[in-house]
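I opened my notebook to go through this assembly piece by piece. Here is what I looked up, in the order I looked.

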Amino acid sequence: MMALLLRDLKLSIRAGGGALIGVLFFLTVVAVIPFGVGPDLALLSRIGPAIVWIGALLAALLGLDRLFQAERDDGSLDLMLMHEHPLVLTLLVKCLAHWIATSLPLVIASPLLGLFMNMSETAIGATMLTLLVGSPAITFIGAVGAAVAVALPRGGLLVSILVLPLTIPVLIFGVSATYAAVEGPSPFLPPFLILIALTLFFAVIGPAAATLALRNTTD
Amino acid sequence: MMALLLRDLKLSIRAGGGALIGVLFFLTVVAVIPFGVGPDLALLSRIGPAIVWIGALLAALLGLDRLFQAERDDGSLDLMLMHEHPLVLTLLVKCLAHWIATSLPLVIASPLLGLFMNMSETAIGATMLTLLVGSPAITFIGAVGAAVAVALPRGGLLVSILVLPLTIPVLIFGVSATYAAVEGPSPFLPPFLILIALTLFFAVIGPAAATLALRNTTD
Amino acid sequence: MSETSLAITKFSDLANPTRFLALAARIIPWMAGFTALCFIVGLYLSFTTEGDYQQGETVRIMYVHVPAAWLAMMGYTIMSLSAIGTLVWRHPLADVSAKAAAPLGAAFTLIALVTGSLWGKPMWGTWWVWDARLTSVFILFLMYLGLIALNRAIDDPSKAARVSAVLILVGFVNIPIIKFSVEWWNTLHQSASVLRLDGPAIDPEFLRPLLVMAVAFTALFFTLHIMAMRNEIWRRRVTAQRRMAARLASREGQP
Amino acid sequence: MYLEAANLAARRGEELIFEGVSFRLESGEALVLTGKNGSGKSTLLRVVAGLLHRERGSVSFTDSHGNTLRRVGEISHYLGHRNAMKSELTVAENLDFWRCFLGDTQGGSTVSIDEAAEAVGLAGITQLPFGYLSAGQQRRFAFAKLLIAYRPVWILDEPTAALDASGDRLFAELIEAHRRKGGIVLAATHQPLGLEGAQELRMAGFSHTGPGVWA
Amino acid sequence: MYLEAANLAARRGEELIFEGVSFRLESGEALVLTGKNGSGKSTLLRVVAGLLHRERGSVSFTDSHGNTLRRVGEISHYLGHRNAMKSELTVAENLDFWRCFLGDTQGGSTVSIDEAAEAVGLAGITQLPFGYLSAGQQRRFAFAKLLIAYRPVWILDEPTAALDASGDRLFAELIEAHRRKGGIVLAATHQPLGLEGAQELRMAGFSHTGPGVWA
Amino acid sequence: MTHAFYVYGAYGFAALVTIAATLWTWADGRARRSEMATLEAAGIRRRSVRTKDGE
Ligand code: HEM
Ligand SMILES: Nc1ncnc2c1ncn2[C@@H]1O[C@H](COP(=O)(O)OP(=O)(O)OP(=O)(O)O)[C@@H](O)[C@H]1O
Ligand SMILES: Nc1ncnc2c1ncn2[C@@H]1O[C@H](COP(=O)(O)OP(=O)(O)OP(=O)(O)O)[C@@H](O)[C@H]1O
Ligand SMILES: [Mg+2]
Ligand SMILES: [Mg+2]
């Protein structure tokens, strides 16, 4: 399994420059925002956490749909399906690799981004924490979509309908936990615990559902 | 050329999720922003046009990196490169198809999104108009990135990084034209005309640069 | 003539990597010496001239900030010229030049950004504002990093060079934006007072150290650029020889 | 040790592609599938490998201790039309990954990556990215995958596609070597593979033209 | 009408794969490229088609009126290792797209999609998605692409890969028919194609092992 | 001196980056040179050098 993780990480590095990329991507997204909303620092610091979370969502979505398609197209998926390792584990590891390659750099870079968005220390810490805890859930949900995309070659629409709405709860609890930490009055813990629960839930459901979808591929 | 347009549209519906993914992505973004801004409707309506524009920008990125990679992977790109049609035209049509599949639905949905963001009628109208005029420029710029991605084994984030900074002028003028229409005092026309000029400029530069990149990357 | 590759013979002596190496070996010491000299004079001048009555001592930041900002733009311009060389003449040295300039340009852009915000804090009261000049320089920085990443992501060097060349050229639109942003958008940042059509509008008291520092920075840039080009040529030689060795070995093993 | 299939049937889309296919391969035996394009060779191989759902019938593998296994995929190598290698990675990285991922099934000996490359006639270029190789070179390395992790059953779908004449011979020898060590081989092919004493199964395609489930 | 290549050389990565390749094909003639795996057959074909940059030399096509064309790709069909068809679309949609996109070069007659399907022996399944076909069926339809839009020059890279024996014969006949109508054929292959009176060019691979530009 | 921190900060940072860039370029050159030396020692030589020797 370690081998799979390493290979997927290597692939993502070869394809696009590695860990730096996530950060760069994010910096670019963030640099674009002030052009839209205007250089109003107070406003920026208020929407900062939301922007960081949206960036994480976008980063996770880019390339996620090809997670298994790329494997199918070159035939690797066949060998993975045949293999005796529990398939769920294989998929979990693939999700992990995708998360490490695209979301983790964002989590690590988020303090820097927070500074750019003029966020307070608490806000930065809270964003980082919620991102760390919540972003895997997005990847796991995306994995189901990616698996469905393989199973139904013509299921494109289905994938987007499946994935995006499901990520909304994660996004909402992540962002609201962050704001609770920053501003009060609502407490930080309840949404944060829900976020953890969501991640754990999808960590189980996601790979399992993806397994089911892949096992039923049409050819 | 009509044939190419039709084929690409068909493909985006069958395979990529097409129209819906942009709109859904967009709804997700809109669902999250109010958490940052709070239930302050006035503020929401103020940043509305900017958010819609940023959403359009990010939505255009989804799937863009595969614009030519998919063609390369099944060998179609070879035939397109060999063909006597000016390649620029082929690329222009592909951009157009991508725009119709991902950005146009967003333009059409923008009134709905405007309502969500509590924007005034003028603001909604202005946003729709500027989006209609400006979003093709984003696609054209993106095409350059997509052509470069052909040289990369897998596109993904790197392409977006290369492309995003270049789209900033479009964003600036799009948003400022919208604001000019809504609030005054600055007139609406100058930025709007610049926006049109930008789109025309990139409609020429984008496919030409993409042609250059594709001609230099085949192997 | 030791080299027989056709692509090369068309060009002047300098165009030949071997000639280039010989030339570089000869001029690098001189350039390094010149750079050091300029820096000594420039630094002496920057710290002995008087402060501005309005900006106080912080005006001294100008002597690093402005040359660094100029070089950030010049670095990109050099890359663009090399990119044209790559695309039009498919010239291998142009590939090398563009690739070597990217990290240097990024370094100078970083200096301009950081010294600018160090200047901004006392002058404008904030480290960073999202005004047009500042943001476009920031984008320049991102583009440098993106191009470095792109170059690393493609392992066939000549292909990497051709692909990045296209992007470099497209990205060149940012340079005029940086240059004229202060005039197009009325913002916090100073408008041009040295590089303008009707002659410098700046007190000679400040102009002298500024120009000496600018020459020093430029000399540094070119010294490092030539050194980096030389390194890159060496790097490619090493890989070419390694590959050849592998090929020969496998051929001997497999008649 | 033997591989047994009884009364297999498989559907593609709505159509029954074949039915009533049975065979039994003892240790060291080979079965060659032939037949027209679209006659169901690949389908049968994928059914045996467990990659396609089978409509009826059973496949099982019984090892030398008499233990029977229903999921034949686990003890098989499958070489399909596609090579299952990443063009971004070097050959060595690709092979190394598959060696670690596939692991070893007990009972066989495997060779190192360099030896495997040597065996397929391409020593010395394992450091190149897989995407830089010619079609035939890629196929050869895809075959090298079978040597670096031991599996008693080899399921090969047109293994010699894109190979030159010397490659054909090389593959035939490697397959024979595998059989001599007691392995079982199942191959679909259009060109004679040159396997000694292999059974042949001619696929006919569309085993029955009658209506499917719906009529 | 003739196709002429003079003193061609091409580089892959840093290596010179071949140099000094010249040939001249008159109307109705065929050139078959043979050679070991990795000897540069595909590279040569891609250079002729204009898909790869050539290091030296020239390729040109002179039509029956004596007009010379430097971009040979425009009047050529190229059938590579990959089929250039979308698996999400049906065969008919795919072929229809290529027919409209490629258009017709004057001077030849083309056939309808159904006739082309008939010609490659697969009439009646053009309504299936391309991805649902077997490997050989896909290859046949990829070949059908050559019939629906006229091009005087056909550049074929292992056209008969994955084909059964009847497919081999069929393709040989179609190629012969194209030659009889005055077409020019350039094909790389490992198996004899059965073309009458075709010239043969043996590729040797790596024409020189010396360093490239850098050393 | 007013705002000494900002002035020295700016000069310090500029010095840091330029010196780092110089050192890195120089170290890179040394590494390449030593690589070439090891290749030379292993008997792999440039073709042009070899032909010159042969002449
Ligand atoms: C991070 C912040 C900053 C950035 C990215 C930045 C960027 C630049 C650039 C790119 C130039 C060259 C423009 C040209 O040649 O036309 C420049 C010049 C200059 N900057 Fe800044 N700057 C920043 C902050 C500041 C601050 C805070 C001040 C002073 C209050 C300042 C004063 C100047 C001056 C006086 C020039 C010279 C203009 C001329 O004479 O052409 N800059 N800056
Ligand atoms: N994209 C590439 N980048 C670098 N080198 C390549 C690339 N493609 C092929 N090569 C190299 O070029 C040489 C010739 O390859 P080519 O594909 O032309 O061979 P071929 O004769 O078609 O072989 P086959 O019979 O296996 O198809 C091979 O040694 C291969 O390693
Ligand atoms: N994914 C699929 N969905 C539906 N039908 C399919 C699919 N793949 C193949 N078929 C059909 O199943 C039949 C058998 O296909 P199969 O791939 O097994 O043939 P084959 O004997 O391997 O042919 P070839 O020699 O061309 O490889 C064909 O008629 C084909 O149309
Ligand atoms: Mg088959
Ligand atoms: Mg080939």
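This is a predicted model: local features need pLDDT of at least 70, side-chain atom pairs count only at pLDDT 80 or more; totals for chains, interfaces and linings use all residues.

**Entry 1: the sheet in chain D**

Five strands make up an open sheet here, and I read their order as β6-β7-β8-β3-β9 (chain D). The pairing in this sheet is parallel. I then looked for the edges and found β6 (76-79) and β9 (199-202) of chain D, each of which pairs on one side only. Neighbouring strands of the sheet are turned against each other by 15° on average, direction ignored.

I picked one pair of strands to follow residue by residue. Strand β7 (residues 153-157) of chain D runs parallel to strand β8 (residues 184-188) of chain D, and five bridges join the two.

**Entry 2**

Next I turned to chain E. Its open sheet has four strands in the order β2-β1-β4-β5 (chain E), and this time I noted antiparallel pairing. The edges are β2 and β5 (68-69) of chain E; each has a single partner strand, so one side of each is left without a neighbour in the sheet.

I went along the sheet pair by pair:

- Strand β1 (residues 2-12) of chain E and strand β2 (residues 15-26) of chain E are antiparallel, with eight bridges between them. On this pair I found L8(E) opposite V21(E), and R12(E) opposite E15(E).
- β1(E) and β4(E) are antiparallel over six bridges. Here Y2(E) has T62(E) in β4(E) as its bridge partner.
- β4(E) and β5(E) are antiparallel over two bridges. For F61(E), the bridge partner in β5(E) is L69(E).

Then I checked the turns. The hairpin of β1(E) and β2(E) has two residues between the strands, and G13(E) takes a positive phi near 65° there. The hairpin of β4(E) and β5(E) has five residues between its strands, and in that turn G66(E) has a positive phi of about 85°.

What lies across this sheet? I found helix α1 (residues 41-49) of chain E across β1, β2 and β4 (56-62) of chain E, running at about 120° to β1(E).

**Entry 2: where chain B meets chain A**

I moved on to the interfaces. Chain B puts 41 residues into its contact with chain A, and chain A puts in 44 residues. The area buried between chain B and chain A is about 3,900 Å², with 80% given by carbon and sulfur atoms. I looked for salt bridges across the interface of chain B and chain A and counted zero. Residue pairs in polar contact between these chains, with both at pLDDT 80 or more, also came to zero.

Which elements of chain B supply at least two residues each to the side that touches chain A? I listed α1 (2-16), α2 (18-37), α3 (41-61) and α8 (157-183) of chain B. I sorted the residues on that side of chain B by class and got 30 nonpolar, six polar and five charged.

**Entry 3: where chain F meets chain C**

Here the contact takes 31 residues from chain F and 38 residues from chain C. Chain F and chain C bury about 3,100 Å² between them, and carbon and sulfur atoms account for 74% of it. I found one salt bridge across the interface of chain F and chain C. D28(F) pairs with R235(C) in a salt bridge, with the closest N and O atoms 3.0 Å apart. I also counted three residue pairs in polar contact between chain F and chain C (both at pLDDT 80 or more).

On the side of chain F that touches chain C, α1 (4-41) and α2 (47-54) of chain F each supply at least two residues. The largest share of that side, 22 residues, comes from α1(F). By class I had 15 nonpolar, eight polar and eight charged residues on that side of chain F.

**Entry 4: salt bridges overall**

Last, I took the count over all chains, which comes to 39 salt bridges. I followed one of them in chain A: K94(A) and E71(A), whose closest N and O atoms are 2.7 Å apart. K94(A) is in helix α6 (residues 87-116) of chain A and E71(A) is in helix α4 (residues 69-73) of chain A, so this pair ties together parts that are 23 residues apart in sequence.

Terms used
Residues are numbered from 1 along each chain as its sequence is written. Chains are lettered from A and ligands numbered from 1 in the order in which they are written. Side-chain values use heavy atoms; hydrogens and water are left out. Contact means heavy atoms within 4.5 Å. Buried area is the accessible area (1.4 Å probe) that two parts lose on being put together, summed over both. A salt bridge is a side-chain nitrogen of Lys or Arg within 4 Å of a carboxyl oxygen of Asp or Glu. A polar contact is a pair of N or O atoms within 3.5 Å; within protein, one must be able to donate a hydrogen and the other to accept it, and residues adjacent in sequence count only if both atoms are side-chain atoms. Ala, Val, Leu, Ile, Met, Phe, Trp, Tyr, Cys and Pro count as nonpolar, Asp, Glu, Lys and Arg as charged, and the others, Gly among them, as polar. Two strands pair if DSSP finds at least two bridges between them. Axes are lines fitted to C-alpha atoms, for helices over the stretch in contact, and angles run from 0 to 180 degrees between N-to-C directions.
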